[in-house]
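Welcome, and thank you for stopping by. Please take a moment with the sequence and the 3D view, and then we can walk through them together.

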Amino acid sequence: MKGRIISVFKDLYRVSVGNNEINAPITGNMIKSADFPVVGDYVEISDEGQITEIYPRKTILSRKVAGKEIKEQPIVSNVDFIFIVTSLNKDFNIARLERYLTMVYESGSNPCFILTKSDLDDDVNEKVASLEEIAFGVPIHVVSSYEDKGIDEIRDYLKDEKTIGLIGSSGVGKSTLINKLLGNEIIKTKEIRVTDDKGKHTTTRREMFKVGDGYIIDTPGMREIQIWSGDTSSSFEDVEELAKLCRFSDCTHGNEPGCAVNRAIETGELKKERLASYLKLKREIQNMENKINHGHKFAEKEKIKNMMGTLDKKKKIVHR
Ligand SMILES: Nc1nc2c(ncn2[C@@H]2O[C@H](COP(=O)(O)OP(=O)(O)OP(=O)(O)O)[C@@H](O)[C@H]2O)c(=O)[nH]1
Ligand SMILES: [Mg+2]
Ligand SMILES: [Zn+2]
């Protein structure tokens, strides 16, 4: 049977199968190969009620795991849209939104910006205008769950079995928005939110909900967004198009002569901050790629060393 992962508990996965929901473990082989399902995954369930296989993912949103380890952390899979949620008060930060966008493009899903808590903000238009400068056609929706503003625009996405994943900082109103879409009765039965000492609701696990003819995935707020890999060709299309006109194909847009990017900054066509964000992100993506490659090379070397080790030992035996 085919099912879909709704949420992940310690060793069990909540899976929707047809009209039912079951809790299922994964096979020992999957554990061994660290083949862990994520919310949104389609999986094969055996007659014994075990998850035996993850179907190929259409999209996968990942970040680097927190801390020093060089490891990918998949967040959600098979989502058609990712809503990058930010509130219109203190959370609003263009550089962070550029980062999210770069991550989302890499995932293969379609990005959308959701600006929440419009009831708290007096200069919505100004913020939307500054976001439009970096959004290049990515839809922007202004909502207020308190004032029921923009909720219908969000509902429009939830059709034809489409799946939406929500990401953003803690406290921007992701869960409140989902509750709004769900209606009250359903929320009461779900205990997905805990109250921290500040009285703020904080989500602790990813969970998928059915809304209308679609699905929506709530995620816990992200504290740090460490890029695992990113695609700047869409999120920084403006900069990369300009870069094609630089005299040197490997121009770093520093002090090189004939740099079209810096020329654009001089004429005001491109903002200085935008180039700074771009260069910073590129550096980060490159650093991560180097580390991953280094990790692979290291693993290879270790493998060869181990093989040599066994060869040496064998040789010694032969010599005796
Ligand atoms: N003024 C206002 N407050 C809102 C709105 N939506 C949510 N809030 C409040 O913002 C706080 C955080 O909302 P949550 O929905 O828990 O935020 P979240 O993004 O799910 O946070 P995490 O689960 O920690 O990631 C709560 O106190 C909400 O009542 C809104 O439209 N307007
Ligand atoms: Mg939440
Ligand atoms: Zn240049």
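Is lysine 117 buried or exposed? Lysine 117 is buried, because 23 other C-beta atoms lie within 10 Å; a residue counts as buried with 20 or more other C-beta atoms within 10 Å of its own, as exposed with 12 or fewer, and as partly exposed in between, C-beta atoms being placed from the backbone. Please keep in mind that this is a predicted model, in which local features need pLDDT of at least 70 and side-chain atom pairs count only at pLDDT 80 or more, while totals for chains, interfaces and linings use all residues. Residues are numbered from 1 along each chain as its sequence is written, and chains are lettered from A and ligands numbered from 1 in the order in which they are written.

Lysine 117 sits in the loop between strand S9 (110-116) and helix H3 (124-135). Its phi is near 55°, a positive value in a residue other than glycine. Phenylalanine 136 also has a positive phi, near 40°, and is found in the loop between H3 and strand S10 (140-142). Phenylalanine 136 is exposed, with 12 other C-beta atoms within 10 Å.

Now step back to the chain. It holds 10 helices and 15 strands; these are DSSP runs numbered from the N terminus, with helices (H or I) of at least four residues and strands (E) of at least two. Of its 320 residues, 32% count as buried. Contacts, meaning pairs of residues whose backbone-placed C-beta atoms lie within 7 Å, can be sorted by separation: among those between residues at least 6 apart in sequence, 65% join residues at least 24 apart.

Helix H3 has a partner to look at. The axes of H2 (residues 94-107) and H3 come within 11 Å and cross at roughly 35°; axes are lines fitted to C-alpha atoms over the stretch in contact, and angles run from 0 to 180 degrees between N-to-C directions. In this meeting, Ile94, Leu97 and Glu98 belong to H2, and Ser130, Leu131 and Ile134 to H3.

Finally, visit ligand 1. It is surrounded by 20 residues, and Ser170, Gly173, Thr176, Thr203 and Gly221 are the closest; a residue is near a molecule if its backbone-placed C-beta atom lies within 6 Å of it. Helix H5 (174-182) and strand S13 (201-203) are the elements that give two or more residues to this shell.

Terms used: Two residues are in contact if their C-beta atoms, placed from the backbone, lie within 7 Å.
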